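Subject: Handing over the structure

Hi there,

Here is the structure I promised to pass on. Please have it open while you read, as my notes follow just below it.

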Amino acid sequence: MTVNETNKEISKEVSNDFDPLIPESFDSPHKVYADLRQRCPVAHSNAWGGFWALTKYDDVHAALTEPSTFITSKQNVVPKLAFTGRRPPLHMDPPEHTPYRKAINPLLRPERMASLEAPIRRIAEELLAPMVQQGGGDICEEFGSYLTIRVFSEWMNVPDEMADALKEVGRAYNLAVQQANGEMVKETSFKLYDMARALIAERRRNPLNTMTDPTTALINYRVDGQPFSEEMIIGMIRQILVVGIIAPTVMIGSIAVHLARDQALQQKLRDDASLLPTAVEEFLRLYTPYRGFARTATH
């Protein structure tokens, strides 16, 4: 969890408590976190314009639950990636962001998620088959980066002709973010905006059930009788298209490394599938895919 600075002069006056640009190994971040929790639980870095890193639970919890003090509308990740318009709900603070969340929340209800289990299993098996046949491969590049795009296409009811383009553009965006390729991030981001516009136009022509289609739900949602603006709908669809692309790819890779190292745990999970939900929860805690979610302190 990071807190952006409201006063840029601060970075000239404080020490550089840690350097997030130092090359990492798979295990090194946990050593860094342990050191900072003991030595400097609210640590400052001069990188990317200057920011503070919160490393203890209570501090992170406070930053996430005090929106009048820690806002997300100014900057929501470190380093800053957004360079286009506002994309709800991530770029907004409560209560402004609340209607957008309410419009989408029904699309994430348990029964809707359960209906996706069979398609997700089919997609996963299709993507894993070549890797199994050849006896290995790059779990992130060959599996994770494709899985997330195809699952989101399924959830969003993206038409087949659009889904094929989304697979390539979404994957390119995913890799560009992970490689910190600014120009490619910008190029693919604009393409994703174009896809969002095309998907909205398609749903205006051919609307679907608001309980099973996010785009139709956003188009039809009303706040005091008024629809969302076209700009905000485009921004939210664009946000949805990428919000689940990066994190799952990173998580899948981390889980694969962990299980490759711990053959006994791998076998235990194979033998007892009922342990999988708990294992996933623990993996999410251990290998948090987003370390740079940010809030800006208002005072």
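Where is Pro-95 found? Pro-95 sits in the loop between β4 and α3; helices (H or I, at least four residues) and strands (E, at least two) are DSSP runs, numbered from the N terminus. Before I go on, some ground rules: this is a predicted model, in which local features need pLDDT of at least 70 and side-chain atom pairs count only at pLDDT 80 or more, while totals for chains, interfaces and linings use all residues. Residues are numbered from 1 along each chain as its sequence is written, and side-chain values use heavy atoms, with hydrogens and water left out.

**Confidence**

pLDDT is the predictor's confidence in each residue, from 0 to 100. The protein has a mean pLDDT of 88, and 94% of its residues reach 70 or more. Confidence is highest in α12, at 97, and lowest in strand β1 (residues 2-4), at a mean of 64. Please take care with residues 7-11, where pLDDT stays under 50. For that stretch the model has seven contacts (heavy atoms within 4.5 Å) beyond four places in sequence.

**Backbone points**

Most residues other than glycine have a negative phi, and most peptide bonds are trans. Back to Pro-95: a cis peptide bond joins Pro-94 and Pro-95, with omega about 5°. Another cis peptide bond joins Val-78 and Pro-79, with omega about 0°, and Pro-79 is in the loop between β4 (70-71) and α3 (98-104).

Trp-48 is not a glycine, yet has a positive phi of about 55°. You will find Trp-48 in the loop between β2 (42-45) and β3 (51-54). With a relative accessible area of 43%, Trp-48 is partly exposed; buried means under 20% relative accessible area, exposed over 50%, and partly exposed in between (1.4 Å probe, protein chains only). Asn-157 also has a positive phi, near 55°, and is placed in the loop between α6 and α7. At 26% relative accessibility, Asn-157 counts as partly exposed.

**Salt bridges**

Side chains of opposite charge can pair when their charged atoms come close. I counted a salt bridge when a side-chain nitrogen of Lys or Arg is within 4 Å of a carboxyl oxygen of Asp or Glu. The whole structure holds 14 salt bridges.

- Glu-126 pairs with Arg-150, the closest N and O atoms being 2.7 Å apart. This pair links distant parts of the chain, with Glu-126 in helix α5 and Arg-150 in helix α6, 24 residues apart. Glu-126 is partly exposed at 40% relative accessibility, whereas Arg-150 is buried at 18%. Both belong to a network of salt bridges that links Arg-122, Glu-126, Arg-150 and Glu-154.
- Arg-203 and Asp-213 meet in a salt bridge at 3.4 Å, N to O. Here helix α8 holds Arg-203, and the loop between α8 and α9 (214-220) holds Asp-213, 10 residues apart. Arg-203 is buried, with a relative accessible area of 6%, and Asp-213 is buried at 0%.
- Glu-282 forms a salt bridge with Arg-285, with 2.7 Å between the closest N and O atoms. The two are separated by about one helical turn because they are three residues apart in helix α13. Glu-282 is partly exposed, at 43%, and Arg-285 is exposed, at 55%.

**Empty space**

Rolling a probe the size of a water molecule over the atoms shows where empty space is left. On a 1 Å grid over the protein atoms alone, a cavity is a set of points where a 1.4 Å probe fits but cannot get out; a pocket is an open set with protein on both sides within 12 Å along at least five of seven lines; and lining residues have an atom within 4 Å of a point. Grid points are joined across faces, edges and corners, and a volume is the space filled by probe spheres set on the points.

The second largest pocket has a volume of about 1300 Å³. It is lined by 24 residues, and those closest to its centre are Ile-252, Ile-255, Leu-259, Leu-276 and Val-280. The lining divides into 20 nonpolar, two polar and two charged residues; Ala, Val, Leu, Ile, Met, Phe, Trp, Tyr, Cys and Pro count as nonpolar, Asp, Glu, Lys and Arg as charged, and the others, Gly among them, as polar.

Best wishes
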